[in-house]
Amino acid sequence: MKRKVISVILLIVLVVSGLLTSRTVWQAYAANRVLKEGSIGMDVSSHQYVDWDIIKKDNYIKFAILRCGYGDDDVEQDDSQFQRNVSECKRLNIPFGVYLYSYAVNEREALSEANHIKRMIGDSKPEMGVYLDVEDTTYYLKHGLNVYTDEGRRRLTDLVKIVLNNLSDTGWRTGIYSSYNYYTNILYADELSAYRWIASWPDLDNPSKVLEAENKVRQMNGMLWQYRSDGRVHGVLSANYQPCNVDLDELLVDWELEKDETGGSNSQQCVPGALGDVNNDGFINISDVVVLKKYLAGYSDVHINIKAANVNRDYDKEQKDLISIGDAIIILKHLAGFDTVKLGVVISE
């Protein structure tokens with residue numbers, strides 16, 4: 001019986017290795033860590049009720065940005081759907097980010113908004129970033145903040161800085177959601193190094209207008225483009241469980257998802273660059289196989305540690321390092337418990 005079990009495990013390892021020889025599967029594995037440019041997402045709040053199982057099954061929406069609340073750090077201003085949305089995204093492995101709708105018009109309120117964000121997110125690890133939603137001109141004007149003056153622009157920009165600076169110790173990727181108009185005419189955008197999530201809603205029936213809007217957002221270094229507020233997505237309902245509109249967003253860059261702090265499942269921690277740690281991240285896991293396979297396929301943007309990748313040590317002075325599919329198979333076998341070669345050791349020159 002023991003022999004049969006070992007044979008089955010070895011078969012699984014070799015099958016996985018064989019599957020990984022196709023570009024399609026490499027990209028599928030890579031997609032677990034990187035959302036590709038052009039991926040579509042949505043941003044939701046308590047104004048919607050989301051059936052996340054449908055979202056996952058349809059596979060149209062690749063990520064979500066979830067509202068955690070609005071304004072001051074007051075439980076009555078928490079988004080009532082936030083914790084459920086976070087839990088569902090985690091359960092279904094849907095990458096998510098978080099945003100707070102800002103009303104801050106003074107320093108005290110800005111500090112309170114930063115605390116509101118921290119309290120709501122806790123340890124939930126938003127992979128798609130944490131954003132301050134800055135847009136409510138009517139509210140600002142009503143409360144003495146005229147954003148159309150130099151003094152008002154200065155004040156609003158400084159308030160945004162206060163919020164983001166108070167999130168700087170969290171390790172989150174922080175950003176600002178606002179309209180293209182705010183980014184160009186109101187905020188002193190050049191002073192804000194945060195990730196840019198920019199709203200610009202073109203006439204989607206006019207291809208030239210769509211292209212023009214996208215180019216403007218790209219030129220503004222936008223990473224996320226909210227391109228419509230009237231989208232319809234199967235599984236997104238109103239709070240009364242009726243079909244409703246939802247904001248849709250397009251990712252304008254390849255977005256690397258954060259790695260699990262433990263290195264992911266079935267990982268062996270090691271000194272970065274030790275034998276088997278192909279990508280130098282301090283762990284030996286399936287990510288090393290993915291990177292090695294892409295390297296062998298000739299992906300121009302993939303770089304590996306040659307010494308660490310040559311796990312079977314089949315090199316000499318004339319041939320130097322020979323990287324092959326055999327090295328990837330050894331790493332896979334190692335992860336399955338077959339230590340034919342001792343990985344994780346520091347490589348001597």
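Predicted model: local features only at pLDDT ≥ 70, side-chain atom pairs only at ≥ 80, totals over all residues.

Student: Which residues line the largest cavity?

Tutor: Its lining is made up of Ser102, Ala104, Glu113, Leu132, Leu156, Leu159, Val160 and Val163. Helix H7, residues 150-165, gives the largest share of that lining, with four residues.

Student: And how does the lining divide into nonpolar, polar and charged?

Tutor: Six of the lining residues are nonpolar, one is polar and one is charged.

Student: Switching to charges. How many salt bridges does a search of the whole structure find?

Tutor: The search turns up 17 salt bridges. As background, side chains of opposite charge can pair when their charged atoms come close.

Student: What does Asp78 pair with?

Tutor: Asp78 and Arg119 form a salt bridge through their side chains, at 2.8 Å from N to O. Asp78 sits in the loop between strand E4 (63-70) and helix H4 (82-92), while Arg119 belongs to helix H5 (residues 107-121), so the pair ties together parts 41 residues apart in sequence.

Student: Is Arg119 buried, exposed or partly exposed – which one?

Tutor: Arg119 counts as partly exposed, because its relative accessibility is 36%.

Student: What about Glu191, which residue does it form a salt bridge with?

Tutor: That would be Arg154, and the closest N and O atoms are 2.5 Å apart. This pair also links distant parts of the chain: Glu191 is in the loop between helix H8 (180-186) and strand E8 (195-199), and Arg154 is in helix H7, 37 residues apart. Glu191 is partly exposed, with a relative accessible area of 37%. Arg154 is partly exposed too, with a relative accessible area of 29%.

Student: And Glu212, where's the partner?

Tutor: Glu212 forms a salt bridge with Lys209, with the closest N and O atoms 3.9 Å apart. Both are in helix H9 (residues 207-219), and because they are three residues apart there, about one helical turn separates them. An α-helix has 3.6 residues a turn, so residues three or four places apart point the same way.

Student: How accessible is each of them, Glu212 and Lys209?

Tutor: Glu212 has 37% relative accessibility, so it counts as partly exposed. Lys209 is partly exposed as well, with a relative accessible area of 42%.

Student: Which residues do salt bridges with shared partners join into one network?

Tutor: Arg154, Asp158, Lys161 and Glu191 are joined into one network that way.

Student: New topic: how many disulfides?

Tutor: The count comes to zero disulfides.

Student: Last one. How many residues of helix H10 are buried?

Tutor: Eight of the 11 residues in helix H10 (residues 286-296) are buried, so that helix is mostly covered. The buried ones are Ser287, Asp288, Val289, Val290, Val291, Leu292, Lys293 and Lys294.

Student: What follows H10?

Tutor: Gly298 follows H10, and its phi is positive, near 90 degrees.

Definitions and conventions
Residues numbered from 1 in each chain as written. Heavy atoms only, no water. 1 Å grid on protein atoms, 1.4 Å probe; cavity = no way out; pocket = protein on both sides within 12 Å on 5 of 7 lines; lining within 4 Å. Helix = DSSP H or I, 4+ residues; strand = E, 2+ residues; numbered from the N terminus. Nonpolar A, V, L, I, M, F, W, Y, C, P; charged D, E, K, R; others polar. Salt bridge = Lys/Arg side-chain N within 4 Å of Asp/Glu carboxyl O. Buried < 20%, exposed > 50% of the residue type's maximum accessible area, 1.4 Å probe, protein only. Disulfide = S-S within 2.5 Å.
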